[in-house]
Structure formats: C-alpha cells, structure tokens
Amino acid sequence: SANHLFIELFILKLPHNQVPFGWHQDHGYVDAYGYGHYAPNLSIWTALDDMTAENGALEVLPFTRRRFDAAPPHHQDEHGNFVADFGSPSGTVLPMPAGSLIVQSGLLAHRSGLNGSSAVRRAYLCQFSPRPVVDEQGRPIQMAVPLLRGGRTVRESENSVDNSER
C-alpha cells in the first residue's frame with residue numbers, strides 16, 4: 001500500500017529540447033542511492049499539457065513484455081539522469097490529453113523522448129511509499145508525509161508538529 005508521500009516534482013521539457021530521458025525505473029533512483037531494499041514506490045504521473053510523441057510523451061515497457069522483480073543497476077548518463085541498460089526495446093508510447101494520469105509501479109521501465117514542439121511540455125509527478133525511506137540515523141531521505149494510518153486517512157492536523165508537547 002502507498003501510505004506516505006515520498007516525493008513530488010514538476011517536470012518540464014523545454015521547446016526543441018535535445019536531451020531525451022533514457023530507459024529507467026523510478027525505483028532505480030532509490031536503489032542507486034543505496035535504498036533498494038525498500039519496497040518500490042507507486043508513482044502518479046499527471047500530464048499538465050497534452051502529451052504527444054512530438055513533445056516527449058512517456059514510453060513504457062509493459063510488464064506483459066518484460067517484468068522486473070528488482071531494479072537492474074542504474075547509472076548516470078551524460079546528462080545526469082539515472083538510466084539502465086534494457087537493451088534497445090521499443091516500448092509503448094502513451095499520448096494523452098492534459099489532466100490524464102498514469103499510475104505506475106516503481107519497477108515499470110519507462111523513458112521519454114525529445115520535445116520537438118515549440119511549447120513547454122509539463123507534468124507533475126508524485127510518488128508514494130509503503131513506509132518512510134530512512135537513512136542509518138532514521139531520517140527520511142525524502143518526504144515521509146503520512147497519508148494513511150491503520151487504513152484511515154490522516155488529517156492535516158495529524159501531520160503537523162504540536163510544539164505544546166515539547
């Protein structure tokens with residue numbers, strides 16, 4: 001289950017972008033930083049603009065074609081993105097209208113191409129973890145905002161620190 005907000009990002013592809021984002025898994029980032037023993041996160045990717053092959057829509061390698069039980073080694077490419085060698089598969093491009101969502105496992109291999117259009121291509125990504133991902137001192141490596149506790153929604157007031165108890 002996805003009980004904690006782990007990370008949230010806005011993703012921009014500038015017009016006429018010349019940097020593709022290679023094949024990777026979101027869990028590959030967590031693994032590359034030494035936290036691969038945690039369960040894979042659940043990602044929700046939201047198109048803020050219409051996504052097309054021309055402006056760099058997501059391309060996925062569906063589990064029906066290749067399933068992963070763990071993230072293979074990811075390394076930084078020449079652009080600083082963590083990528084993995086999945087060979088040279090062609091995936092399934094996912095064109096979609098603005099406002100659409102993709103919910104994916106942290107183990108789903110995906111990439112995105114160049115933005116060859118004259119407009120910015122925008123998306124919002126949030127990831128959820130079953131439990132906080134913490135370092136050796138017990139500090140969260142990213143966000144660890146509880147969303148569910150015992151199957152019930154955590155209210156905002158339960159997420160804030162009460163200084164009167166200190």
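Colleague: What makes Thr92 the partner of Val60?

Modeller: In this predicted model, Thr92 of strand 7 is the bridge partner of Val60. The bridge belongs to a pairing of strand 4 with strand 7, antiparallel and with two bridges.

Colleague: Why are strand 4 and strand 7 called paired?

Modeller: Two strands pair if DSSP finds at least two bridges between them. Strand 4 and strand 7 have two bridges, so they count as paired.

Colleague: Staying with strand 4, why is Leu61 called buried?

Modeller: Leu61 lies in strand 4, which covers residues 58–61. Buried means under 20% relative accessible area. Leu61 has 3% relative accessibility, so Leu61 counts as buried.

Colleague: Which residues does Leu61 touch, leaving out those up to four places away in sequence?

Modeller: Trp23, Arg66, Pro89, Ser90, Leu108 and Ala109. As for Lys13, 48 residues from Leu61 along the chain, the two C-alpha atoms are separated by 21 Å.

Colleague: What is the strand order of the five-strand sheet?

Modeller: The order is 8-3-10-1-11, in an open sheet with antiparallel pairing. Strand 8 and strand 11 (145–146) are at its edges, each having a single partner strand, so one side of each lacks a neighbour in the sheet.

Colleague: How do you know that strand 3 pairs with strand 8 and with strand 10?

Modeller: From the bridges. Strand 3 (residues 42–47) is joined to strand 8 (residues 101–105) by five, running antiparallel, and Thr46 stands opposite Leu101 there. Strand 3 and strand 10 share six bridges, again antiparallel, and Leu42 faces Phe128 of strand 10. The cut-off is at least two bridges, so both count as pairs.

Colleague: How many bridges join strand 1 to strand 11?

Modeller: Two, with the strands antiparallel. The residue opposite His4 is Pro146 in strand 11.

Colleague: What makes up the largest nonpolar core?

Modeller: Nine residues: Trp45, Ala47, Met51, Ala57, Leu58, Met96, Ile102, Ala123 and Leu125. At least two residues of this core come from each of strand 3 and strand 10. A nonpolar core takes buried residues joined through side-chain atoms within 4.5 Å, so membership rests on both conditions.

Colleague: What is Met51 in contact with, leaving aside neighbours within four places in sequence?

Modeller: The contacts of Met51 are Trp45, Ala57, Leu94, Pro95, Met96, Arg121, Arg122 and Ala123.

Colleague: Which residues lie nearest the centre of the largest pocket?

Modeller: Leu9, Phe21, His24, Tyr29 and Leu125, out of 27 lining residues. Strand 1 (4–13), strand 2 (21–24), helix 1 (26–32), strand 9 (109–112) and strand 10 (121–129) each give two or more residues to the lining. Strand 1 has the largest share, with six residues. The space in this pocket is about 670 Å³.

Colleague: How do the lining residues divide into nonpolar, polar and charged?

Modeller: Into 15 nonpolar, nine polar and three charged.

Technical notes
Residues numbered from 1 in each chain as written. Predicted model: local features only at pLDDT ≥ 70, side-chain atom pairs only at ≥ 80, totals over all residues. Heavy atoms only, no water. 1 Å grid on protein atoms, 1.4 Å probe; cavity = no way out; pocket = protein on both sides within 12 Å on 5 of 7 lines; lining within 4 Å. Points joined across faces, edges and corners; volume = space filled by probe spheres on them. Helix = DSSP H or I, 4+ residues; strand = E, 2+ residues; numbered from the N terminus. Nonpolar A, V, L, I, M, F, W, Y, C, P; charged D, E, K, R; others polar. Buried < 20%, exposed > 50% of the residue type's maximum accessible area, 1.4 Å probe, protein only. Contact = heavy atoms within 4.5 Å.
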